[in-house]
Amino acid sequence: MDYSLQCIECGKELNSDEHYVCPFCGGLLEVKISLSEVEVNFRLDGNNLRVWKYASLLPVKSEPVSLNEGGTPLYRTEYIEREAGIKSVFVKHEGLNPSGSFKDRGMTVGVTKALELGKKAVACASTGNTSASMAMYAAKANLKAYVLLPAGKVALGKVAQALMHGARVIGIKGNFDDALALVRKVSEEENFYLLNSVNPFRLEGQKTIAFEIVDELGYVPDRVILPVGNAGNISAIYKGFRELRELGLIESIPKMCGIQAEGANPVFRAFLKSGKDIEAVENPETVATAIRIGNPVNARKALTAIYESKGVAVQVSDSEILEAQKKLASEEGIGVEPASAASIAGLYRMVESGEIEKDERVVCITTGNLLKDPETVIKVCGEPVEVEANIESIKKAL
Ligand SMILES: *Cc1c(COP(=O)(O)O)cnc(C)c1O
Ligand SMILES: [Zn+2]
């Protein structure tokens, strides 16, 4: 299939896959698929959901490195619908991907591209899930994996995954934004393939979330709500909807709504000023470590997605995030990590502010699994009670 990398700033098209940013102006790159030449060989019939169902819209030429990613469930959340007073609210639980987050959709494409380019090693900076996913796919592809993490600020489950899948994991005394700047330099000097979401091929895999939503629902929702950290996913999903529309497979595009934590809210702040550029937040802080990012690399793409789709950016507090996490788990049976619950917290904020109409059909993306961050869970829920091993003590404790 035909595609090129195109700079979103100066519009120049590149004829090599081996760029992360525009060599002329430093702008972000986007994969431009020649949609008029694509032979779409899938049907949006709700069957066989997985990333590679949509291979005819994915820019790889070789056999994919796959662990059966995608095909995540879309749950109707009746408790939340009732409480929020919204006609339909679905949750797409990306925490049920192979490594427990949506990052797998991007990694299956990104790691396949690493092999196509003849790379021997892949690298990333990570708030956790990128490293877990990259390590897993690198293991499958027999590539070396290098990970830079903000020391002490990554949920335990994610570090465990990266370590066990065999990555070299290095904690740095700095935040995610520092780690990303460093890994970009190191990757260039050591010829590692960089798999952060600045990598345009990773975002191609993530755009399949849009395809699956339409595929599963059989219609285009009015609104898609998701947490925003480095701002790749919202950009990717928007691109997916745009491509479906360009292909004539759908007519409308959902309002793309990005949710940030109050302590890490540069996209929200830019949105308030109708700005196209962000001002970085120096010391981002939030319980939702996956979105604890002060200088999101894809901010310009994300803001374009929000403005063009007539969506919004919203901020929520840590306590709203934790409350939403608990609600999802205890009322709907959906176990997510804190960052993921930001989408539900954002939904409630938008109901309060009157942004959402009662008769809307909404899809919230829950990005990562509950098991990722057991430490926060114990802080919120406390340890289980302990009693003597006899019936009376147990009955008393029931
Ligand atoms: C990576 C991640 C995010 C943020 O996604 P971006 O593409 O960086 O905006 C949100 N939630 C979870 C669980 C993540 O792993
Ligand atoms: Zn450019």
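Student: How far does a polar side-chain atom of Thr367 lie from a nitrogen atom of ligand 1?

Tutor: Note that the model is predicted. A polar contact is a pair of N or O atoms within 3.5 Å. The polar side-chain atom of Thr367 and the nitrogen atom of ligand 1 are such a pair, and the distance between them is 2.8 Å.

Student: What share of the accessible area of ligand 1 does the protein cover?

Tutor: On its own, ligand 1 has 380 Å² of accessible area. The space that ligand 1 takes is the largest cavity.

Student: Which elements give two or more residues to the shell around ligand 1?

Tutor: The shell residues divide into seven nonpolar, eight polar and two charged. Two or more of the shell residues come from each of these elements: helix H8 (232-246) and helix H12 (338-353).

Student: Which residue has a polar side-chain atom 2.6 Å from an oxygen atom of ligand 1?

Tutor: Among the 17 residues around ligand 1, those that come nearest include Asn129 and Asn233. Asn230 places a backbone N or O atom 2.8 Å from an oxygen atom of ligand 1. The residue with a polar side-chain atom at 2.6 Å from an oxygen atom is Lys103.

Student: Which are the edge strands of the open sheet of three strands?

Tutor: The order is E2-E1-E3, with antiparallel pairing. Strand E1 (residues 3-7) pairs with E3 over five bridges, and Cys7 stands opposite Leu29 in E3. An edge strand pairs on one side only, and the edge strands here are E2 (13-14) and E3 (29-33).

Methods. Residues are numbered from 1 along each chain as its sequence is written. Chains are lettered from A and ligands numbered from 1 in the order in which they are written. This is a predicted model: local features need pLDDT of at least 70, side-chain atom pairs count only at pLDDT 80 or more; totals for chains, interfaces and linings use all residues. Side-chain values use heavy atoms; hydrogens and water are left out. A residue is near a molecule or strand if one of its heavy atoms lies within 4 Å of it. A polar contact is a pair of N or O atoms within 3.5 Å; within protein, one must be able to donate a hydrogen and the other to accept it, and residues adjacent in sequence count only if both atoms are side-chain atoms. Accessible areas come from the Shrake-Rupley method with a 1.4 Å probe; for residues, only the protein chains shown count as cover. On a 1 Å grid over the protein atoms alone, a cavity is a set of points where a 1.4 Å probe fits but cannot get out, and a pocket is an open set with protein on both sides within 12 Å along at least five of seven lines; lining residues have an atom within 4 Å of a point. A molecule sits in a cavity or pocket if more than half of its atoms lie within 2 Å of its grid points. Helices (H or I, at least four residues) and strands (E, at least two) are DSSP runs, numbered from the N terminus. Ala, Val, Leu, Ile, Met, Phe, Trp, Tyr, Cys and Pro count as nonpolar, Asp, Glu, Lys and Arg as charged, and the others, Gly among them, as polar. Two strands pair if DSSP finds at least two bridges between them.
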